[in-house]
Amino acid sequence: MGALAKLNERLRAKPAAHMLVERLSIAYQTPRGPFRAVDDVSFEVAAGATLGLVGESGCGKSTVVKSLMGLLPEGTSVSGRALLNGTDILGLSERALSDVRWTKIALITQSAMNSLDPVYCIGDQITESILAHERVSKAVAWARAEQMFEIVGLPGSRLTEFPHQFSGGMRQRAVIAMALSLNAGLLLADEPTTALDPIMQDQIMSRIRSIHADMRRSMILVTHDIAVVAETCETIAVMYAGEVVEAGPTAQVLQNPRHPYTMGLQNAFPKLPVRGQSRMPLISIPGTVPNLLHPPVGCRFAGRCPFATDLCRSEAPAKLSNSISQSAACHYQDRASEFRAIAQKASTWRHKDG
Amino acid sequence: MDKTPPSPTVIEARDLKTHFQARSSLIGALAGRQPRAIRALDGVDLAIRRNEIYGLVGESGSGKSTLGMSLVRMYEPTGGEVHYNGENITHVHGKALKDYRRAAQIIFQDPYSSLNPRLTIGQIIEEPLKIHRIGDAAERQRRVEKALELVRIPAEENLHRYPSDLSGGQRQRVAIARALVLEPQFIVADEPVSMLDVSIQASVLEILDDLSRDLGLAVLYISHDIATVGYICSHVAVMYLGQIVEEGTAEDILTAPQHPYTQRLMAAIPSIVPDENRERVELKGDVPSPLDIPPGCRFSSRCPYATELCTTVEPQLVPTAEAHRVRCHLYDAEAVATHPSLEPPTSQAA
């Protein structure tokens, strides 16, 4: 057990990572021209902190994750910086990336089914990643894998089983165990519970929260579910059509949103009733997300925003820098409290349905 | 709640069972072993009235979709009965089945795969009319336009567009229009908004709500997203492993759930305003396989309150209040009287 204790100590000594993303822009090359999936995005995750990156399908949140893991398709144009503990990790060679992936940034993917190899037992897959980065014997790596299984609530004896013998929730736990195995400074969780049933979702998220509390790794949680962010993350960045439109401390942003899109998201989010209390109807946001092959000149939300003016349609608001306090990319931030009151009426959002 | 007399029942399931045969292994078949039955739907009673949206919630594998498909007769039930306007249609075939399918429609989860990409919106909605040989070209055109109007899609601009030109929300509304064009009385909406972005879910839910009221439709709304159910449903049933474990008004189920499973299900829903006190019991294991249903109460293998009685005797759906029924020994006065070890969980409403 001496070797295992040493390995554990070595891994425990790894500091939580500091992640600073500055002016990140990513455009996929398509036959019809560049598709600007991410446009001038900045955010910061302090060491040991959690950031929730939320947005709807196509907003660019997964593209951000892929760029941090070096998983973008070849030929994609990327600009800006992503400083991990001060070192830019964008555009690293495959070789240099292997020093970053798993050891410094670990990814918890959405579909555990596809991220596990069906022909190897789970224990082999976890020990493989440990052995690739640490000079220890296979027995020690296996013992470490057993400890990781325990952390996620799986019996160590099941390490010898294959992915198909696990249920969906167990597979997701196995993927989390794998991500934890090298105690990377930054955890990237990309929709970690989306494909699961509600009770399992809740159990996995509680597990992730308690792991975060114990290990104090930095974490970026990518999700479409603002309530999951509300319960898990200290800070939030709301993305819309490739841009961060609002960011800040989670409770502040969700209680007093300043961007009309965040207000709309909140109105549209289904809530459980409280006995004896009447509740607001669900209000959807009219219209559709702009095509990022030809993004509009002005604010990208202007076409769906009930408060949009000519200014919004002709001039894009200033992009958000990575400030710690609440900020929104909206020309009329100073009128946010007035907008919030009007935004709660269904009629406000009904003007252009389609 | 208003006290108008209840509207007539449109669709009713009586002890409905739909079992499937598991494929037996070659060796099993050679040895003459009987293939095992998957009891996907195992004795469900349910009635939906005109103008009513009935919510059906539960996790994957609980049998919600099997119930929906059995009610519209995409599956032929293996036991029990389905009554439509008082008429037993459980095993009808041929013309009678075709007539029934005109009256009972289903909307699926994925509007990206349920619409033929090579047909225009107009053709997609017209197709059911052609299949059922309704009207001439002009009449069909009129009905297609009316159906589009009901789902708030401007007919003129959209009749000749293809599904790929539409957003997910618009596609789902086209799927609803296709179901409406036959003027059905009963619609099964199977997870109609779970593939859609949150910002547009409400628009589809609102349309379902308006339709049931304006056209007098009976709607079975199937969803794993319990929070959406509260917005449009008057009654809700919770399914677990092929059976209804709790049933009542939406308000009762969502604010004061009684069955331990329902309580856990409600506690699992995260909230924008985090509630530190939200009590969450970790459930043991996963939903058991419908091939291998535990004896006694089906939830007993995971239930934190389970006693010996629960693992041996199957509980019945018993009324606990007006229009509220629960399948749990904890709420069965007789069981509690004879088994003092049963300790009811504190209701979340208290």
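This is a predicted model: local features need pLDDT of at least 70, side-chain atom pairs count only at pLDDT 80 or more; totals for chains, interfaces and linings use all residues.
**Figure 1. Where chain A and chain B meet, 36 residues of chain B touch 36 residues of chain A.** On the side of chain B that touches chain A, the elements that give two or more residues are α8 (198-215), α9 (226-232), α10 (250-255) and α11 (260-267). Of these, α8(B) gives the most, with 7 residues. For the complex, the predictor reports an ipTM of 0.87 and a pTM of 0.90.

**Figure 2. Tyr221(B) and Val238(B) have the most contacts inside the largest nonpolar core.** This core has 195 residues. As a general background, nonpolar side chains tend to be buried together in soluble globular proteins. Let us look around Tyr221(B): leaving out residues up to four places away in sequence, Tyr221(B) touches Ile53(B), Tyr54(B), Gly55(B) and Leu56(B), and also Ala189(B), Leu208(B), Val229(B), Ile232(B) and Cys233(B). The mean pLDDT of chain B is 89, with 95% of its residues at 70 or more.

**Figure 3. Strands β1(A) and β2(A) form a hairpin with 2 residues between them.** Here β1(A) runs antiparallel to β2(A), which covers residues 33-45 of chain A, and 9 bridges join the two strands. To find your way across the pair, pick out Ala27(A), which stands opposite Arg36(A) in β2(A). In general, the side chains of a regular strand alternate between the two faces of the sheet.

**Figure 4. Arg23(A) has a positive phi although it is not a glycine.** The phi of Arg23(A) is about 45 degrees. Is Arg23(A) buried or partly exposed? Arg23(A) counts as partly exposed because it has 14 C-beta neighbours inside 10 Å, while a buried residue would need 20 or more and an exposed one 12 or fewer.

**Figure 5. Arg152(B) is a residue other than glycine with a positive phi.** This view moves to chain B, where Arg152(B) lies in the loop between α5 (137-150) and α6 (155-158). The phi of Arg152(B) is near 60 degrees. How many other C-beta atoms lie within 10 Å of Arg152(B)? There are 15, so Arg152(B) is partly exposed.

Note on methods
Residues are numbered from 1 along each chain as its sequence is written. Chains are lettered from A and ligands numbered from 1 in the order in which they are written. Helices (H or I, at least four residues) and strands (E, at least two) are DSSP runs, numbered from the N terminus. Two residues are in contact if their C-beta atoms, placed from the backbone, lie within 7 Å. pLDDT is the predictor's confidence in each residue, from 0 to 100. A nonpolar core is a set of buried Ala, Val, Leu, Ile, Met, Phe, Trp, Tyr and Cys residues joined through C-beta atoms within 7 Å. Two strands pair if DSSP finds at least two bridges between them.
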